[in-house]
Amino acid sequence: MTKRRVAIVLFNLGGPDRPESVQPFLTNLFSDPAILRVPGFVRRWLARLIAWRRTRPALANYAIIGGRSPLLELTEEQGRALGAALADDPAIEARCFVAMRYWHPMSDAVAREVQAWQPDEVLLLPLYPQYSTTTTGSSVTAWDEACQAIGLSVPTTTLCCWHSHGGFTAATAALVRDAHARARAALPADVPLRVLFSAHGLPESIIKAGDPYQWQVEQTVAAVVGQLGDIAGLDHTVCYQSRVTPQKWIGPSTEAEIERAAHDKVALLVCPIAFVSEHSETLVELDVEYRDVAEKLGVPGYFRVPAQNSDPAFIAALADLTRAALASGRSLCSFAGARQCPKQHGDCPHARARAPSQAAA
Ligand SMILES: C=CC1=C(C)c2cc3[nH]c(cc4nc(cc5[nH]c(cc1n2)c(C)c5CCC(=O)O)C(CCC(=O)O)=C4C)c(C)c3C=C
Ligand SMILES: [Fe+2]
Ligand SMILES: [Fe+2]
């Protein structure tokens with residue numbers, strides 16, 4: 001049997017590879033109309049201004065982790081692990097490519113690599129479990145534009161969201177369970193422990209415009225907690241980190257939850273719930289900045305659940321999602337073959353299985 005050649009394109013946000021890249025990376029990020037929702041001529045000007053202002057604090061953050069983001073290496077490792085997990089599949093010859101949104105390798109270069117490999121089909125696999133117009137939506141748009149520019153026209157499936165996929169939530173629950181046991185063992189028996197599921201925040205206006213992200217984050221947390229029934233009386237809550245603009249962002253903020261923990265005299269176990277790789281917002285914001293806030297406020301203990309990275313159970317979940325999406329012959333939304341992304345985006349308008357003509361139109 002001839003195997004189908006499948007190019008799996010892993011999307012992530014990208015991060016600067018050296019200090020000199022921080023400002024152009026931030027300029028790319030704030031120039032994205034999915035992030036800064038103002039008219040084009042204002043955006044180009046405003047993007048440079050915000051990036052210029054943000055460069056100094058961002059440089060300080062990246063300096064703590066060696067002056068660069070580890071996101072590319074970790075995503076490439078996930079790609080290699082996923083390729084290995086699919087290697088013995090009798091039906092497909094899969095090759096993983098990594099396309100970052102705001103720093104190299106970006107969609108235009110990766111689309112050329114994919115074209116040179118001559119796949120029979122393409123699977124777009126965002127490493128964002130929850131769909132947001134600012135992340136998955138933006139990456140898919142950039143990919144479409146890159147394909148159009150070079151005339152890459154191959155049947156393409158988009159795995160738009162996988163917030164409640166059983167394998168993903170079980171792998172995450174196992175990481176929480178291990179970290180919870182370690183934290184409990186380190187704490188005096190009379191100190192209660194609360195799990196903070198901390199997701200990247202979004203401006204409230206983006207949610208009001210119909211973005212399903214917040215609802216999907218809540219779905220992930222409910223599914224993970226549902227798998228942690230063996231931890232009696234698990235105290236947990238959802239909160240949002242990384243606010244970077246002055247508008248109102250969704251809440252409660254992770255800082256507010258740290259304050260509440262100090263007031264309640266409970267220790268914290270922080271679990272990143274919208275990132276599946278370590279990067280500056282886990283290694284600096286969670287591990288350094290929020291830990292410092294917690295210590296200063298007298299929170300009686302501060303622990304963290306590691307991101308999934310190339311955890312074997314997580315990679316097995318990605319392999320399962322890949323197979324299911326390819327078998328469905330169209331975009332797979334949500335979980336376990338469900339055709340619908342419930343609630344806000346009913347029949348999932350962002351999920352598309354496109355004919356080659358549509359992809360190149
Ligand atoms: C308005 C600004 C931003 C929105 C909205 C936003 C959404 C969003 N981002 C991620 C994941 C990541 N963000 C990362 C870096 C990063 N994000 C913003 C701004 C917004 N993100 C900035 C300014 C930066 C740069 C770092 C900084 O200056 O603090 C990263 C990469 C970090 C790295 O190590 O390089 C990721 C990953 C999600 C999931 C999300 C919305 C759902
Ligand atoms: Fe971000
Ligand atoms: Fe979806």
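Mentor: Helices (H or I, at least four residues) and strands (E, at least two) are DSSP runs, numbered from the N terminus. The model is predicted, and local features need pLDDT of at least 70, side-chain atom pairs count only at pLDDT 80 or more, while totals for chains, interfaces and linings use all residues. Residues are numbered from 1 along each chain as its sequence is written, and chains are lettered from A and ligands numbered from 1 in the order in which they are written.

I begin with the ligand. Ligand 1 is surrounded by 24 residues, of which the closest are Gly15, Ala58, Ser69, His279 and Ser280; a residue belongs here if its C-beta atom, placed from the backbone, lies within 6 Å of the ligand. Helix 1, helix 2, helix 5 and helix 10 (280-297) are the elements that give two or more residues to this shell. Helix 2 gives the most, with 3 residues. By class, the shell around ligand 1 holds 12 nonpolar, 10 polar and 2 charged residues (Ala, Val, Leu, Ile, Met, Phe, Trp, Tyr, Cys and Pro count as nonpolar, Asp, Glu, Lys and Arg as charged, and the others, Gly among them, as polar).

The placement of the ligand follows from the domains. The domain assignment of the chain gives domain 1 (4-164 + 312-360) and domain 2 (166-304), with bounds that come from an automatic or database domain assignment. Because domain 1 and domain 2 both give residues to the shell, ligand 1 lies between them.

The domains themselves also meet. Their C-alpha centres lie 24 Å apart, and 34 residues of domain 1 are in contact with 29 residues of domain 2 (contact means that the C-beta atoms of two residues, placed from the backbone, lie within 7 Å). On the side of domain 1 that touches domain 2, the elements giving two or more residues are helix 2, helix 3 (71-85), helix 5 (133-150) and helix 11 (312-328). Helix 11 gives the most to that side, with 5 residues. That side of domain 1 comprises 19 nonpolar, 12 polar and 3 charged residues.

Helix 11 can be checked for its length. Its 17 residues should span 24 Å at 1.5 Å a residue, and the C-alpha atoms at its ends are 24 Å apart, which agrees; the expected span is 1.5 Å times one less than the number of residues. The buried residues of helix 11 are Phe314, Ile315, Ala317, Leu318, Ala319, Leu321, Thr322, Ala325 and Leu326. A residue is buried if 20 or more other C-beta atoms lie within 10 Å of its own, exposed if 12 or fewer, and partly exposed in between, with C-beta atoms placed from the backbone.

In helix 1 (residues 22-30), Val22, Phe25, Leu26, Leu29 and Phe30 are buried. Seen down the axis of helix 1, these residues fall within an arc of 125°, so they line one face of the helix; the arc is that of the directions from the helix axis to the C-beta atoms. The buried residues of helix 1 pack against helix 2 (40-64). Thr27 is found in helix 1 and counts as partly exposed, because it has 19 C-beta neighbours inside 10 Å. Leaving aside its neighbours within four places in sequence, Thr27 is in contact with Ala47, Arg48 and Ala51. Thr27 and Leu46, 19 residues apart in sequence, are 9.3 Å apart in space, C-alpha to C-alpha.

Elsewhere in the chain, two loops carry backbone features to note. Most residues other than glycine have a negative phi, and most peptide bonds are trans. Between strand 6 (235-241) and helix 9 (254-264), the loop includes Pro252, which a cis peptide bond with omega about 0° joins to Gly251. Ser242 lies in the loop between strand 6 and helix 9, and has a positive phi of about 65° although it is not a glycine. With 18 C-beta neighbours inside 10 Å, Ser242 counts as partly exposed.

A cis peptide bond with omega about 0° joins His104 and Pro105, and Pro105 lies in the loop between strand 2 (92-100) and helix 4 (107-117). Gln118 is found in the loop between helix 4 and strand 3 (121-126). Gln118, not a glycine, has a positive phi of about 55°, and counts as exposed, with 9 C-beta neighbours inside 10 Å.
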